[in-house]
Amino acid sequence: MSGINYSEKIPNNVNLSSDRTLQRALEHWQPNYLQWWQDMGPEASQNMDVYLRTAVSVQPDGWAHFDYVKMPEYRWGIFLTPQDGQRKIHFGEHMGSDVWQDAPGEHRANLRRIIVTQGDTEPASVEQQRHLGLTAPSLYDLRNLFQVNVEEGRHLWAMVYLLHRYFGRDGREEADALLQRNSGSEDSPRILGAFNEKTPDWLAFYMFTYFTDRDGKFQLSALAESAFDPLARTTKFMLTEEAHHMFVGESGVSRVLQRTAQVMNELKTNDPEALRKAGVIDLQTIQRYINFHYSVTIDLFGADQSSNAAIFYSAGLKGRYEEGKRTDDHRLNNDTYKILQVVNGELKEIEVPMLNALNEVLRDDFIKDTVAGVSRWNKVLEKHGIDFRLTVPHKAFNRKIGSLSGVKVSPDGQVLSEDQWNNHVNDWLPTDEDRAFVASLMGRVVEPGKFANWIAPPVIGINRQPIDFQYVRFN
Ligand SMILES: [Fe+2]
Ligand SMILES: [Fe+2]
């Protein structure tokens with residue numbers, strides 16, 4: 001089951017040719033996908049040869065093959081981790097029963113909604129990033145951007161396969177609609193807010209891949225626990241690819257910090273204006289970008305109390321992050337969880353039934369993971385002898401979803417009046433001027449081994465290639 005068949009139009013390890021109707025339906029969707037890639041995918045990139053990895057197996061060791069590929073010829077396919085015939089549902093009301101190989105009638109609508117919502121984020125991020133190739137700070141970075149883009153395209157394929165295979169006509173219609181909504185569109189935007197924001201520059205791209213692809217990791221991890229086995233197996237393999245996306249973000253921000261710290265030391269200054277004049281991004285601006293991307297991303301986990309979250313869990317559709325490692329009863333009917341609420345204009349912790357707070361549980365797991373990476377960024381500053389420390393803002397800062405959206409809160413957690421917020425918001429979120437400054441630094445660097453002035457080179461290349469490797473050929 002784990003071998004991938006590359007002789008077919010759609011590479012797959014799900015024995016697609018044994019189901020001619022399904023195969024035809026997906027082969028019919030394929031040209032629409034390619035048209036979407038032409039129209040909405042990376043701009044002016046169709047002819048480039050890009051040193052990309054392609055999945056050739058779903059085994060953890062040696063699953064990827066690296067070679068030059070023109071992106072429209074990338075072999076987007078359908079890859080699920082092998083079926084484990086023994087797998088049992090391990091949380092919720094059906095705990096102990098066999099997992100489902102089909103979508104049960106009573107859960108169809110919810111499963112379809114979960115799959116569509118996940119599927120919608122994948123092409124959205126490609127759309128958000130489509131102009132970035134024009135201003136890549138190096139060939140190495142350009143290649144990483146394109147790697148992320150083709151894999152998000154494959155993640156769309158992963159969800160479209162489930163829709164076509166298990167959800168009949170409704171599923172096929174949803175698969176078409178995934179190519180019709182567009183990030184930031186007035187008439188038919190993407191489903192979730194963060195996926196309608198712009199990713200206008202490379203600092204935003206690194207922040208996006210660090211924070212927002214990490215939201216992907218947590219959502220996919222929760223779905224990898226699902227009682228609906230095809231969803232669990234699909235998302236498991238998507239997680240293998242996702243790790244690289246977060247690496248691009250974490251290492252990208254590290255390299256920006258390293259370069260800024262170098263120049264701070266060379267010029268013996270921490271004055272943002274002097275640093276901007278020297279062509280690097282000041283730490284205050286980086287902090288404002290963190291504040292923005294962090295707050296927009298934690299909104300993606302949804303309302304802090306949600307009856308849907310409870311239903312999804314109890315029905316076995318969506319588990320918790322690392323469900324299998326937890327030692328409670330995996331039903332949670334008698335458990336509670338502390339969430340933040342606004343009570344008389346103040347933030348108060350209140351205890352609510354855990355089942356209703358599962359969005360918050362996942363958000364808190366995400367926050368823990370995020371904070372760990374930010375402290376690794378601070379290590380870069382520490383190593384250069386710089387006192388400044390980056391932080392993530394308070395959970396209630398700049399929220400648009402859930403009860404915390406009803407209150408203005410500073411990054412350090414003070415509840416503010418509207419006036420106080422307005423007086424300080426430019427210290428906390430990227431201003432037009434910040435964005436214009438960062439945009440002014442962006443310009444494509446195409447010489448192998450050369451990097452834009454505002455970012456340090458990486459420590460090692462891709463697939464053990466040297467840093468000055470020709471990662472992209474323009475033709
Ligand atoms: Fe993805
Ligand atoms: Fe991703």
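These legends describe close-up views of a predicted model.

**View 1. The packing of helix H3 against helix H6.**
Helix H3 spans residues 139-166 and helix H6 spans residues 229-267. Their axes come within 10 Å and cross at roughly 170°, which makes H3 roughly antiparallel to H6. From H3, the contact takes in Asn144, Gln147, Val148, Glu151, His155, Ala158, Leu162 and Tyr166. These meet Pro230, Leu231, Thr234, Met238, Glu241, His244, His245 and Val248 in H6. Sorted by class, the contact of H3 with H6 holds eight nonpolar, six polar and two charged residues.

**View 2. The packing of helix H2 against helix H3.**
Helix H2 (residues 108-128) packs on H3 at an angle of about 155°, and the two axes are 8 Å apart. H2 and H3 are therefore roughly antiparallel to each other. The crossing in which H2 passes H3 is left-handed. On the H2 side the contact is made by Ile115, Gln118, Gly119, Glu122, Pro123, Ser125 and Val126. On the H3 side the residues are Asn149, Glu152, Gly153, His155, Leu156, Met159, Val160, Leu162 and Leu163. The contact of H2 with H3 divides into eight nonpolar, six polar and two charged residues. His155 of H3 takes part in this contact with H2, and His155 is also listed in the contact of H3 with H6; Leu162 likewise meets residues of H2 and of H6.

**View 3. The packing of helix H1 against helix H3.**
The axis of helix H1 (residues 20-40) comes within 11 Å of the axis of H3, and the two cross at roughly 150°. This crossing of H1 and H3 is right-handed. Leu22, Ala25, Leu26, Trp29 and Trp37 of H1 meet Gly153, Val160, Tyr161, His164 and Arg165 of H3. Seven nonpolar, two polar and one charged residues make up the contact of H1 with H3.

**View 4. The open sheet of strands E2, E1 and E7.**
Three strands form an open sheet in the order E2-E1-E7, with antiparallel pairing. Strand E2 (64-70) and strand E7 (472-473) are the edge strands, each pairing on one side only. Strand E1 (residues 49-55) pairs with E2 in the antiparallel sense over seven bridges, and E1 pairs with E7, also antiparallel, over two bridges. Asp49 has Lys70 of E2 as a bridge partner and stands opposite Arg473 in E7. Five of the seven residues of E1 are buried, so the strand is mostly covered. H3 lies across E1 and E7, and runs at about 40° to E1.

His293 lies in helix H8 (residues 283-298). With 25 C-beta neighbours inside 10 Å, His293 counts as buried, because the cut-off for a buried residue is 20 or more. Apart from neighbours within four places in sequence, His293 is in contact with Met207, Phe208, Phe211 and Thr212. The C-alpha atoms of His293 and Gly119 are separated by 21 Å, and the two residues are 174 apart along the chain.

**View 5. Asp369 in helix H10, shown with Phe211.**
Asp369 has its place in helix H10 (residues 358-383). It has 14 C-beta neighbours inside 10 Å and so counts as partly exposed. Asp369 and Phe211 are 158 residues apart in sequence, and their C-alpha atoms are 9.9 Å apart in space. Phe211 is also one of the residues in contact with His293.

Most residues other than glycine have a negative phi. Lys268 is not a glycine, yet has a positive phi of about 50°. Lys268 sits in the loop between H6 and helix H7 (272-277), where it is exposed, with 7 other C-beta atoms within 10 Å. Leu332, also a residue other than glycine, has a positive phi near 70°. Leu332 belongs to the loop between helix H9 (307-314) and strand E3 (336-343). Leu332 counts as buried, with 23 C-beta neighbours inside 10 Å.

Notes. Residues are numbered from 1 along each chain as its sequence is written. Chains are lettered from A and ligands numbered from 1 in the order in which they are written. This is a predicted model: local features need pLDDT of at least 70, side-chain atom pairs count only at pLDDT 80 or more; totals for chains, interfaces and linings use all residues. Axes are lines fitted to C-alpha atoms, for helices over the stretch in contact, and angles run from 0 to 180 degrees between N-to-C directions. Helices (H or I, at least four residues) and strands (E, at least two) are DSSP runs, numbered from the N terminus. Angles under 35 degrees count as roughly parallel, over 145 as roughly antiparallel, 65 to 115 as roughly perpendicular and the rest as oblique. Two residues are in contact if their C-beta atoms, placed from the backbone, lie within 7 Å. Ala, Val, Leu, Ile, Met, Phe, Trp, Tyr, Cys and Pro count as nonpolar, Asp, Glu, Lys and Arg as charged, and the others, Gly among them, as polar. A residue is buried if 20 or more other C-beta atoms lie within 10 Å of its own, exposed if 12 or fewer, and partly exposed in between; C-beta atoms are placed from the backbone. Two strands pair if DSSP finds at least two bridges between them. A crossing is left-handed if the near helix is turned anticlockwise from the far one by less than a right angle, and right-handed if clockwise.
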